[in-house]
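Hi,

Here is the structure I promised to pass on to you. Please have a look at it, and then read on for what turned up.

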Amino acid sequence: MSGSLANYRFAASRFLRVMVSALATVFAISTFSVPDANAADMDAAHEAAAFITSQLVGGDHLESPFGNESITADAVLALLATQSSDFDAEIASMGRFLAQSPYVSSGPEAASKLAIVATAIGADPRTFGSFDLIAAIKAGIGADGAFGSYPMPYSSALAIIALIRSGEDVDPQLVSWLIEQAEPDGSFSFQKGGSADPDNTGMVIQALSALDNLSAQASQTLENAKRWAQDSQQADGSWIGFASVNSTALLGSSLLVTGVDQTKAITYLAQTQAASGGLPANPGAEPDLLATAQAILLLSEQSYLTLPKLPGKQPRAEPSQSPSTESEPPQPTPPNELVPLTEDQGVPTWVAPAVAAGVIVVAVAALVVVRRKK
């Protein structure tokens, strides 16, 4: 055998070993390195949103025995959570309905919810329609820090979130009153000394997680509430409450803000969804508008705190938990990235098989050449 032929065969043999190694690497990448999809169920969220729009009266509001404006506000936030331009027209119509409504005059709690809506649709809560929602919220804070017509942790937390989203400072008394309502087990109730309630607890978790420079007491209150929430979550991902779907959606969204995975809770919600797209307040019941609206937030991996502005038109802001004095409302984001994966993220599923096939073809061709040189 000539030296040149031996050198050629050695090079070819080495090439084959490299190809085999590359092939193993390709399969390893396809097996272990493709990013997992987010837990968000955007299909379920979109179907639920379509159900809500199918229930609109006059194209601009929903009706409920508990208040047309309140449920319409919840619906706006739900549609925004999908970040789908399919609902832009309905969002605009409902926004105009709310801006023209005297709903804010029903109390500071209403002003808080409307302020969240205003910041989410890109409006100024200080001039929403003919109302100054921020002034109404601040006027609802008592000397002792209690908030609203019927003080409870839920409404205080809603006010904190509304102020933060609006770029306003949060009154320390409002925070102090809120943390004083904590129960010994870490949960929160409608009134101090009551039974643990997942809705009130969830709102407190969400509000406290948005505040910067928490005191040691406030930080411990947040951790205790999170611990209670995680310990009381059922095996199927739900929480037991008066309306388990609503409670699961709200508390799940709040924990998600703090970086606690809620895949099981999202799966639970999706499994309760009816063929119409609506979700019930409790499994097996008829679809309920409020349950559907609140469920959409968790299905979309969003919350009152993290809702971006104007779906598909304005980018999500950088993470921030500090109240801002700038005119542009801050858009806090949770510690972990909650944006669902898009089709161009990660390694497409067809890449690994295609590369593997190419490697095999090259390797076989090289082997044939070597054999012919013998």
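**Cavity, pocket and helix packing**

The lining of the largest cavity has four nonpolar, five polar and no charged residues. Please keep in mind that this is a predicted model. The cavity count comes to one at 30 Å³ or more, and the volume of the largest cavity is about 70 Å³. Its lining is made up of Gln206, Ala249, Leu250, Ser253, Ser254, Gln294, Leu297, Ser303 and Tyr304. H11 and H13 are the elements that give two or more residues to this lining; H11 gives the most, with four residues.

Next, the largest pocket. About 1200 Å³ of space lies in this pocket, and 37 residues line it. Those nearest its centre are Ser70, Lys113, Tyr154, Leu290 and Gln294.

Which helices each supply at least two residues of the pocket lining? They are H3, H5, H7 (153-165), H9 (198-210), H11 (244-257) and H13 (289-299). H3 gives the most, with four residues.

H3 spans residues 68-81 and packs with H4, residues 88-99, at an angle of about 150 degrees, their axes lying 10 Å apart. With angles over 145 degrees counted as roughly antiparallel, H3 and H4 are therefore roughly antiparallel to each other. Their crossing is left-handed. On the H3 side, Glu69, Thr72, Ala73, Ala75, Val76, Leu79 and Leu80 take part, and they meet Glu90, Ile91, Met94, Phe97 and Leu98 of H4. By class, this contact has nine nonpolar, one polar and two charged residues.

H3 also meets H5, residues 108-120: the two axes come within 10 Å and cross at roughly 30 degrees. This crossing, too, is left-handed. Here Ser70, Ala73, Asp74, Val76, Leu77 and Leu80 of H3 are in contact with Lys113, Ile116, Val117 and Ala120 of H5. Seven nonpolar, one polar and two charged residues make up the contact of H3 with H5. Ser70 and Lys113, which take part in this contact, are also among the residues nearest the centre of the largest pocket.

Best wishes

Key: Residues numbered from 1 in each chain as written. Predicted model: local features only at pLDDT ≥ 70, side-chain atom pairs only at ≥ 80, totals over all residues. Heavy atoms only, no water. Axes fitted to C-alpha atoms, helices over the stretch in contact; angles between N-to-C directions. Parallel < 35°, antiparallel > 145°, perpendicular 65-115°, else oblique. Left-handed = near helix turned anticlockwise from the far one by under 90°. Contact = heavy atoms within 4.5 Å. Nonpolar A, V, L, I, M, F, W, Y, C, P; charged D, E, K, R; others polar. 1 Å grid on protein atoms, 1.4 Å probe; cavity = no way out; pocket = protein on both sides within 12 Å on 5 of 7 lines; lining within 4 Å. Points joined across faces, edges and corners; volume = space filled by probe spheres on them.
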